[in-house]
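Okay, thanks for making time, everyone.

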Amino acid sequence: MIAVMQEDLVRRHRLTVHEYYRMAEVGLLAPDARVELIEGEIIDMPPSGPPHASVLNRLSEKLILALSGTATVRQQSPMHLDDFSEPEPDIAVVKQGHYGVAHPRPADVLLAIEVSLSSLSFDRNRKLPLYARAGIPEYWIVDVVKPVLHVLHTPQNGRYLHEASIPRPGLLTLSALADSQVDLTGLFEGL
């Protein structure tokens, strides 16, 4: 008799955010490990090569300049979505604050941005529904390879109702900050 393992019978142990931090505290995760907790799984993040870092820094500068006094721009910092997910988007635009006691939660996040050089499939297939389910009002995927900016907004039932792909982004208005515009002209220069 041959035993057949069915996917339905396989149990997985999903880590909580608390367990994830405990692993780091006891040294199971290196202090400089580039990982994030997504739906209870520890995910290794690829290193940031020059094209990724260049677009990330340029985008951060443009957002900080445009949103100063209106919102806080966080770069590669955690946001606590639920008990099983604490992603570190490349950029998060959050309500003004310092977040010294706790990471921003979904109600604090106005925009999440992932800069994709080698992670486009993961950013689209895992992070997009995660952010939509959490109710993040707007999500951008910056595809460095194409190059193109994917703007998604209006989350509903685990997906975004509106998506636009912009090869040469210019002046954009964030859905959660209708009075603020960000000039993304030249975002992909030098690639």
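This is a predicted model: local features need pLDDT of at least 70, side-chain atom pairs count only at pLDDT 80 or more; totals for chains, interfaces and linings use all residues.

Who sits closest to its centre? Of the 22 residues that line this pocket, those are Arg34, Met45, Pro46, Gln76 and Asp90. If you sort the lining by class, you get 8 nonpolar, 6 polar and 8 charged residues. As for where the lining comes from, β1 (35-38), β5 and α3 (120-134) each supply at least two residues.

Next, helix α2, residues 50-67. How does its length hold up? At 1.5 Å a residue, its 18 residues should span 26 Å, and the end C-alpha atoms are 25 Å apart, so that agrees. Quite a list of α2 residues is buried: His52, Val55, Leu56, Leu59, Ser60, Lys62, Leu63 and Leu67. Keep the helix geometry in mind here: with 3.6 residues a turn, residues three or four places apart point the same way. What do the buried residues of α2 pack against? Strands, namely β3 (71-75), β4 (91-95), β5 (109-116), β6 (138-143), β9 (171-174) and β10 (177-183). Just after the helix there's glycine 69, which takes a positive phi of about 85 degrees.

Let's stay with β6, one of the strands that α2 packs against. β6 is mostly covered, with 6 of its 6 residues buried. In a regular strand the side chains alternate between the two faces of the sheet. In β6, Glu138, Trp140 and Val142 point one way, while Tyr139, Ile141 and Asp143 point the other way, and all of them are buried.

Now the neighbours. Which way does β5 run relative to β6, parallel or antiparallel? Parallel, with 5 bridges joining the two. Serine 116 stands opposite aspartate 143 in β6. With β7 (148-156) it's antiparallel, and 6 bridges join β6 to β7. In that pairing, tryptophan 140 stands opposite valine 151 in β7.

β6 and β7 form a hairpin with 4 residues between them. In the loop between these two strands you'll find proline 147, and the peptide bond into it from lysine 146 is cis, with omega near -15 degrees. For context, most peptide bonds are trans, and most residues other than glycine have a negative phi.

Threonine 154 is in β7, and its phi is near 65 degrees, a positive value in a residue other than glycine. Threonine 154 is partly exposed, with a relative accessible area of 32%.

From β7 we go on to β8 (159-166). 7 bridges join β7 to β8, and the two run antiparallel. Proline 155 stands opposite tyrosine 160 in β8. This hairpin has 2 residues between the strands, and in it asparagine 157 takes a positive phi near 50 degrees. Is asparagine 157 buried or exposed? Exposed, with a relative accessible area of 76%; anything over 50% counts as exposed.

Last one, glycine 27. Where is it? In the loop between α1 (17-25) and β1. Glycine 27 is exposed as well, since its relative accessible area is 55% and the cut-off is over 50%. Leucine 81 is 54 residues away from glycine 27 along the chain, and their C-alpha atoms are separated by 24 Å.

That's my tour, thanks.

Terms used. Residues are numbered from 1 along each chain as its sequence is written. Side-chain values use heavy atoms; hydrogens and water are left out. The expected span of a helix is 1.5 Å times one less than its number of residues. Buried means under 20% relative accessible area, exposed over 50%, partly exposed in between (1.4 Å probe, protein chains only). Contact means heavy atoms within 4.5 Å. On a 1 Å grid over the protein atoms alone, a cavity is a set of points where a 1.4 Å probe fits but cannot get out, and a pocket is an open set with protein on both sides within 12 Å along at least five of seven lines; lining residues have an atom within 4 Å of a point. Ala, Val, Leu, Ile, Met, Phe, Trp, Tyr, Cys and Pro count as nonpolar, Asp, Glu, Lys and Arg as charged, and the others, Gly among them, as polar. Two strands pair if DSSP finds at least two bridges between them.
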